[in-house]
Amino acid sequence: MNGYNLIAPYYLFFVKLVFGDLLFKAQTHFLTKKLDPAQILIVGGGSGELLSFCLNQYPTTRITYVESSSKMIELSEKRVSTQDQKRVDFKCKSIFEWDTNQKFDLVVLPFILDLFSEINCHNLLHKTKSILQKKGFIMITDFSNNSSKFQKALINFMYLIFNSVGATERASLPEFYSLFASEKLSIIKKRKLGKKYYKDLVLTLQLTPC
Ligand SMILES: C[S@@+](CC[C@H](N)C(=O)[O-])C[C@H]1O[C@@H](n2cnc3c(N)ncnc32)[C@H](O)[C@@H]1O
């Protein structure tokens, strides 16, 4: 998937145009100050909005940022102050090709599971579990499989666009709950966000290995 270099400069503009702050609010919903993780891994953080949030929210936390698009990394780097640079380790790699001996207190997967084939969704969750500290958490935010015709049409349209630029490996949302169950992940917290036409459109979860 290299389509993200193509869309990186416009990505956030279109997200805000279509969804306003909904996707950002959902991604940060459970990232409370109380959590205060020592080491965070962000996978597919895009142009860095979430990275800025985490740096501000957790002033002593170290963040590893694995993002396969060099353009997205460039945009994210611009958001990091000189003072914070030593706290962020940028890795311009696919999560499937990146290896580490590190363990993380928190792994964040923001709108990324919906990109991968079934087998890669399993691979990603499996890998995430293996690099989690004993009492670590996984935060997943993604679109929700709702029955609203408008939302189904919107999600189908997004897959059409993303497929046309080679930015996804699939054509519909994963069955998140069966995926989590088969990877033995239990849900600690769950929240759906969105109002009116977007009612409950976005799902955010805090998970931990069973
Ligand atoms: C749908 S965008 C979401 C961006 C951001 N999380 C947000 O919500 O605005 C998916 C992001 O994942 C990145 N990505 C796609 N495949 C990846 C992979 N295998 N490893 C790491 N990052 C990947 C893309 O480059 C892109 O920035």
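Biologist: What should helix α6 span at 1.5 Å a residue, and how far apart are its end C-alpha atoms?

Modeller: This is a predicted model, in which local features need pLDDT of at least 70 and side-chain atom pairs count only at pLDDT 80 or more, while totals for chains, interfaces and linings use all residues. Residues are numbered from 1 along each chain as its sequence is written. The 16 residues of α6 (residues 149–164) should span 22 Å, and the end C-alpha atoms are 23 Å apart, which agrees; the expected span is 1.5 Å times one less than the number of residues. Helices (H or I, at least four residues) and strands (E, at least two) are DSSP runs, numbered from the N terminus.

Biologist: And which residue with positive phi follows α6?

Modeller: That is Gly-166, with phi near 65°.

Biologist: Switching to β1, why is it largely enclosed?

Modeller: Because four of its five residues are buried, where buried means that 20 or more other C-beta atoms, placed from the backbone, lie within 10 Å of the residue's own.

Biologist: How do β1 and β2 pair?

Modeller: They pair in the parallel sense over five bridges, pairing requiring at least two DSSP bridges, and Val-43 has Val-66 in β2 as its bridge partner.

Biologist: What else is Val-43 in contact with?

Modeller: Leaving aside neighbours within four places in sequence, its contacts (C-beta atoms, placed from the backbone, within 7 Å) also include Ile-95, Val-107, Val-108, Leu-109 and Ile-112.

Biologist: How do the residues of the shell around the ligand divide?

Modeller: There are 13 nonpolar, six polar and one charged, with Ala, Val, Leu, Ile, Met, Phe, Trp, Tyr, Cys and Pro counted as nonpolar, Asp, Glu, Lys and Arg as charged, and the others, Gly among them, as polar.

Notes:
Contact = placed C-beta atoms within 7 Å. Buried ≥ 20, exposed ≤ 12 C-beta atoms within 10 Å, placed from the backbone.
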